[in-house]
Amino acid sequence: MKILHTADWHIGKLLEGKSRLEEQRIVLRQLVRMAQKNHADVVCVAGDIYDNGHPSAAAESLFYETIKELSQDGNRLVVIIAGNHDQPSRLEAVTPLVKEHGIILYGTPKSMIPSGTYGSFEIQSLDKGVFTFTKNGERAVFACVPYFSERTLNEVLYSEEIDHEERAGEYTQKAAELFQKRASWFSPDSINIIMSHVFTLGSAGDGSEQGMMLGNSYLLPADVFPKSAQYIALGHVHRPQKVPGSSGQIRYSGSPLPYRLTESSVAKQCLLAELHPGEAPVVTELFFDNPKPIEKWVCRDYGEALEKCRKNKDRSCYVYLSVHTDSYIREEQLKELKSWKEDLIEIIPLFSSEEKESMEQDFRQMSFEELFISYYTEKKGVKPQQEVLETLAEILEKENDHETGTDEN
Ligand SMILES: [Mn+2]
């Protein structure tokens, strides 16, 4: 049986306010072609379908279009779990429509699907998140564990009679218990697969998920996963990787697109795992062609930056531009750069250390407004507009009124 493993589509995600939908459409089409070309029997999407719980109509439309194409009229099973960015019930809501296309959706670890016909597959639902089916004489058992919080863990694992004292336990142990429970349905003569959306210890994060972690308790060691699982398809970390401590059967496929500059150094991929009962998986990495890379340019002066923008005007890429300069980049220079290269995400002036030192000296003699202008200019690369300065003056005036007691109160 061939499983195509992907995750973290984050449909609708922006880069500094810029839509990435077109790029997402391109890579998701590539994914459909990969599934076809490699004759995948099942596609696993391991969470974070959307970038947020309230996706735009265009984002939803791209999702539906993609899963319909992937499912190939119900001849390929598509299994989707929710990530921390998805709204679980909303993701599941479309089940009555997509069931006949062979599409299975799990919103929470408590979700259980009805047994029945899903496209050309006869699915037997065994437990929460667990189902089985047979294709080409091979039986597969899927244990799907969508993103869970500690609260969800308690709800899933313990009945109401157990009091809080007894519930006390480490997140890790509880997570291990949950995976173990689900894996109790695995059998040696089946293909046994776990799908989940978690952060495992030792996975080289790229910064994109930092905000999603609530302290170290949300990091799971690789041994929370039962040994009886042949392949563990994970989502959450955007950088593709084998989880350390596993022999390559616990994997993050990573996102199909780099979503920030730090993710740009690694080629994006999805994974094709060929599985047979009782055998180690054979995993092949399939690479995406990035339609619009995120780049960092460092230029020695404004002239070079301008030249580089001109030369690359027709090339599709996002640019974080740093320019060595002795003076601030003026508004009109900024406009000129952008007139050549539209997708300049950020322009950062780099001052020589001497320049910086002399400026630091000056700070002591500066007025608040001058300090503000200097700070704003350094952060944004341009001088603040008159309107901003006027607002600042207004605020300062009010502050002074308060301090001197001339306010009405
Ligand atoms: Mn995530």
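Helices, of at least four residues, and strands, of at least two, are DSSP runs, numbered from the N terminus. Counted this way in the predicted model, the chain holds 12 helices and 21 strands. Of its 409 residues, 37% count as buried. Among contacts with a separation of 6 or more, 69% join residues 24 or more positions apart.

Let's start with helix 1, residues 21-37. Glu23, Gln24, Val27, Leu28, Leu31, Met34 and Ala35 are buried in helix 1. Viewed down the axis, the buried residues of helix 1 fall within an arc of 125°, so they line one face. Turned away from that side are the exposed residues Glu22, Arg33 and Lys37. Just after the helix, His39 takes a positive phi of about 50°.

What covers the buried face?

The largest nonpolar core has 78 residues, of which Ile3, Cys44, Val79, Phe142, Ile193 and Met195 touch the most other members. Strand 10 (residues 138-145) gives this core its largest share, 6 residues. Beyond its neighbours within four places in sequence, Ile193 is in contact with Ile3, Ala140, Phe142, Ala143, Ala229, Gln230, Tyr231 and Ala233. Another core, of 10 residues, lies apart from the largest one and includes Ala305, Val319, Ile329 and Ile347.

Conventions: Residues numbered from 1 in each chain as written. Predicted model: local features only at pLDDT ≥ 70, side-chain atom pairs only at ≥ 80, totals over all residues. Buried ≥ 20, exposed ≤ 12 C-beta atoms within 10 Å, placed from the backbone. Contact = placed C-beta atoms within 7 Å. Arc of directions from axis to C-beta. Core = buried A, V, L, I, M, F, W, Y, C linked by C-beta atoms within 7 Å.
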